[in-house]
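Biologist: Got this one open on my screen. Can you walk me through the side-chain contacts?

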Amino acid sequence: PQHELLQLLAHWRRRIRRLYPPYLVTLAFYIALRISTGALQLDGLSAWQVFLHLFMLQNLDPRALSTMNNVYWTLAVEEQLYLLYFVFLAIRQRWGWGAALAAGAAARVGWFALALVLHRGWGVDIIVSQAAMVQWIIWILGALSVEAAFGLVRLPAVVKNLPVAGVLLASASLAVWAQNYWLGPGLPNDLIWFGSEVVWGAGFFVLVNWAVAREQRGALLSLWPGAVKWFAGVGVFSYSLYLTHEIVEWHAWPVAAQWLEDSGRLLPHVVVAAVLLAVCLAFARAFFEVFEKPFLSRSRARDARAVVAV
């Protein structure tokens, strides 16, 4: 219907205005840096990689996935999940939450199966873990948390239980450790690859539900008032932190680390971690003020000022 199309276009305008300008700034930096270091050649493949990044499609081609920034692929997934939002809404409205969750699970199974068939049958490899269809089930869990927070659906107590979240997250951590440091190639390794991200997502789903439930009762702020306010302030510029942390960690810090090594001033790891965290936060906050906040809506900008001022 025309009304839904207009809503889609309006939604995309808001998301582009919100996300794209600061993304372009950091993308230009990474492109210039890689050209200057010789990591990015001025040829057809590089032009294709830049094109995909400009339109947030870098997770569709293994040759472009991590060529600019190692976390940019999550932005591509996010934009593609925005497109799937209307598919999700149609399923939920017609058949309910059970069908929506089943669709997300089926999409993950289907994409893994497609990757297996293409690899075994034709020797063609496609991106798996960083594909939107694989991550859709986790995104749907997030949408369920949102509806629960607004009282549109009622969740059972077990998915708002902090120990349950701890068990799920600990299980995912142990599984990934085993995959990386213990298990060799084989079925157990493949099963962990297939399921560990969903366990991570389920763990954070329960953790978010627990935190929201306590926040709605006023218990979260009373429990850790200083920490909650500090993290809320960081949350305001978290997108800038996401975009810029690699600038500090991968490009600025190695220069400083080499200087410290040459001068014989080696620092304990805990000090290095604290310094990196502080510099990443400071740099991201400055970036937010210059390149992100001007593109927030007026109401969102007022909210941001209010939280940062706390």
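This is a predicted model: local features need pLDDT of at least 70, side-chain atom pairs count only at pLDDT 80 or more; totals for chains, interfaces and linings use all residues.

Biologist: Is glutamate 292 buried or exposed?

Modeller: Buried, because its relative accessibility is 0%. Arginine 18 counts as buried too, at 14%.

Biologist: How many salt bridges are there by the same rule?

Modeller: The count is six salt bridges. Among them is arginine 92 with glutamate 147, at 3.1 Å from N to O. Arginine 92 lies in helix α3 (residues 72-95) and glutamate 147 in helix α5 (residues 132-149), so this pair ties together parts 55 residues apart in sequence.

Biologist: Are arginine 92 and glutamate 147 buried or exposed?

Modeller: Both arginine 92 and glutamate 147 are buried.

Biologist: And what does arginine 63 bridge to?

Modeller: Aspartate 61. The closest N and O atoms of that pair are 2.9 Å apart. Aspartate 61 is buried, since its relative accessible area is 10%.

Biologist: Which residues are linked in a network of salt bridges?

Modeller: Arg285, Glu289 and Lys293.

Biologist: Back to glutamate 292. I also see serine 240 there. What does serine 240 touch?

Modeller: Leaving out residues up to four places away in sequence, serine 240 touches Ala284, Phe287, Phe288 and Glu292. Serine 240 belongs to helix α10 (residues 238-262). Its relative accessible area is 0%, so serine 240 is buried.

Biologist: New topic. How many aromatic pairs are there?

Modeller: The count comes to 18 aromatic pairs. One of them is phenylalanine 51 with phenylalanine 55, which is tilted. The centres are 5.1 Å apart and the planes are at 50°.

Biologist: Why is phenylalanine 55 called exposed?

Modeller: Because its relative accessible area is 51%, and the cut-off for exposed is over 50%. Phenylalanine 51 is at 38% relative accessibility, so it counts as partly exposed.

Biologist: How is the pair of tryptophan 230 and phenylalanine 231 arranged?

Modeller: Edge-to-face. The two centres are 4.9 Å apart, with 80° between the planes. Tryptophan 230 is partly exposed, at a relative accessible area of 45%. Phenylalanine 231 is exposed, at 56%.

Biologist: Which residues do ring pairs link into a cluster?

Modeller: Tyr20, Tyr23, Phe29, Tyr30 and Tyr72.

Biologist: What about charges over rings? Where does the charged end of arginine 94 sit?

Modeller: Over the ring of tryptophan 95, 5.5 Å from the ring centre. Arginine 108 lies over the face of phenylalanine 194, also 5.5 Å from the ring centre.

Biologist: Now the surface. Which residues make the nonpolar patch?

Modeller: Leu24, Leu45, Trp48, Phe51, Leu54 and Phe55. The patch covers about 520 Å².

Biologist: Where does the largest share of the nonpolar patch come from?

Modeller: Helix α2 (residues 44-54), with four residues. Leucine 24 is found in helix α1 (residues 2-37). Leucine 24 is partly exposed, as its relative accessible area is 32%.

Biologist: Zoom out for me. How many helices and strands are in the protein chain?

Modeller: 12 helices and zero strands.

Biologist: How much of the chain is buried?

Modeller: Buried residues make up 35% of the 310 residues. The chain exposes about 18100 Å², and carbon and sulfur atoms supply 69% of that area.

Biologist: Last one. What share of the contacts joins residues 24 or more positions apart?

Modeller: 69%, among contacts with a separation of 6 or more.

Definitions and conventions
Residues are numbered from 1 along each chain as its sequence is written. Side-chain values use heavy atoms; hydrogens and water are left out. Rings of Phe, Tyr and Trp (its six-membered ring) pair if their centres lie within 6.5 Å; planes under 30 degrees apart count as stacked, over 60 as edge-to-face and the rest as tilted. Buried means under 20% relative accessible area, exposed over 50%, partly exposed in between (1.4 Å probe, protein chains only). A charge sits over a ring if NZ of Lys or CZ of Arg is within 6 Å of the ring centre and within 35 degrees of the ring normal. Patches are made of residues with over 30% relative accessible area and no salt bridge: like charges are joined within 9 Å, nonpolar side chains (Val, Leu, Ile, Met, Phe, Trp, Tyr) within 5 Å. Accessible areas come from the Shrake-Rupley method with a 1.4 Å probe; for residues, only the protein chains shown count as cover. A salt bridge is a side-chain nitrogen of Lys or Arg within 4 Å of a carboxyl oxygen of Asp or Glu. Helices (H or I, at least four residues) and strands (E, at least two) are DSSP runs, numbered from the N terminus. Contact means heavy atoms within 4.5 Å.
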